[in-house]
Amino acid sequence: MDFKELLLKRESTRNYIDKKVEREKIIECIEAGRVAPSACNAQPWKFIIVDEDSKVKELSKCIYDPVIGMNKFALQAPAFIIAVREKRNLTSKIGEIVKKKDFTSLDMGMAIENICLYATYIGLGTCIIGWFKEKGIRKILNIPKDKEVDLIISIGYSGDEKPRKKVRKNINDIMGVNEY
Ligand SMILES: Cc1cc2nc3c(=O)[nH]c(=O)nc-3n(C[C@H](O)[C@H](O)[C@H](O)COP(=O)(O)O)c2cc1C
């Protein structure tokens, strides 16, 4: 697969077949996240693999929101990666304050996209999930109170036949050349 093909193939998978994901493959994905860039090389992340059936089930109940019918697909996801925001280093912290930029969120996004792209590359489907009950997740996984769960990635073998067409803004609407 060439890189452009990979970019187009990566999509949010919300339909998983009933097949366990090999732990080594998930670790490979996290390895892809590990080498992502971050402000001042702070690497302000920790990724928790959840692939034990009972925990996956418990977690999925904190992700599916029956009130608004959001993230029902989580109930069939075979595994999750929980992206926990860790303390950034002093230089990144100073940079954030001086430049009034949320470097940590940007860093997390970079690592998470690396993970999703690599998962696609090795034949797995992922969905980045931002809507979940953080308190419940924290309790199930013993995540300390001072740590924030930024995002969750569901990961598994996709039940979809071929990638959907990308619905995106037109290039001219998102690009400026030599001025805004
Ligand atoms: C920060 C973030 C949070 C997201 N949260 C959810 C979510 O809670 N549930 C969901 O189904 N998709 C979620 N998504 C996936 C987006 O809906 C999806 O990436 C977007 O619609 C583009 O579609 P594609 O990923 O298939 O290309 C999230 C994506 C990002 C980047």
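Which residues come nearest to the ligand? Arg10, Ser12, Arg14, Asn71 and Arg168 do, out of the 16 residues around the ligand. The views below come from a predicted model, where local features need pLDDT of at least 70, side-chain atom pairs count only at pLDDT 80 or more, and totals for chains, interfaces and linings use all residues. Residues are numbered from 1 along each chain as its sequence is written, and side-chain values use heavy atoms, with hydrogens and water left out.

**View 1**
Polar contacts are pairs of N or O atoms within 3.5 Å. The side chain of Asn71 places an N or O atom 2.7 Å from a nitrogen atom of the ligand. Arg168 has a polar side-chain atom 2.7 Å from a ligand oxygen atom. For Arg164, a side-chain N or O atom is 2.8 Å from an oxygen atom of the ligand.

**View 2. Helix H2 against helix H5.**
Helices are DSSP runs of H or I with at least four residues, numbered from the N terminus. H2 spans residues 23-34 and H5 spans residues 103-121. Their axes are 7 Å apart, at an angle of about 140 degrees. Axes are lines fitted to C-alpha atoms over the stretch in contact, and angles run from 0 to 180 degrees between N-to-C directions. H2 and H5 are therefore oblique to each other. Angles under 35 degrees count as roughly parallel, over 145 as roughly antiparallel, 65 to 115 as roughly perpendicular and the rest as oblique. On the H2 side, Glu28, Cys29, Ile30, Ala32 and Gly33 make the contact (heavy atoms within 4.5 Å). They meet Ala111, Asn114, Ile115, Tyr118 and Ala119 of H5.

**View 3. Helix H3 against helix H6.**
H3 covers residues 53-63, and H6 covers residues 134-141. Their axes come within 8 Å and cross at roughly 165 degrees. The two helices, H3 and H6, are therefore roughly antiparallel. From H3, Lys55, Glu58, Leu59, Cys62 and Ile63 take part. Their partners in H6 are Gly136, Ile137, Ile140 and Leu141.

Note on methods: Near = heavy atom within 4 Å. Polar contact = N/O pair within 3.5 Å; in protein donor to acceptor, adjacent residues only side chain to side chain.
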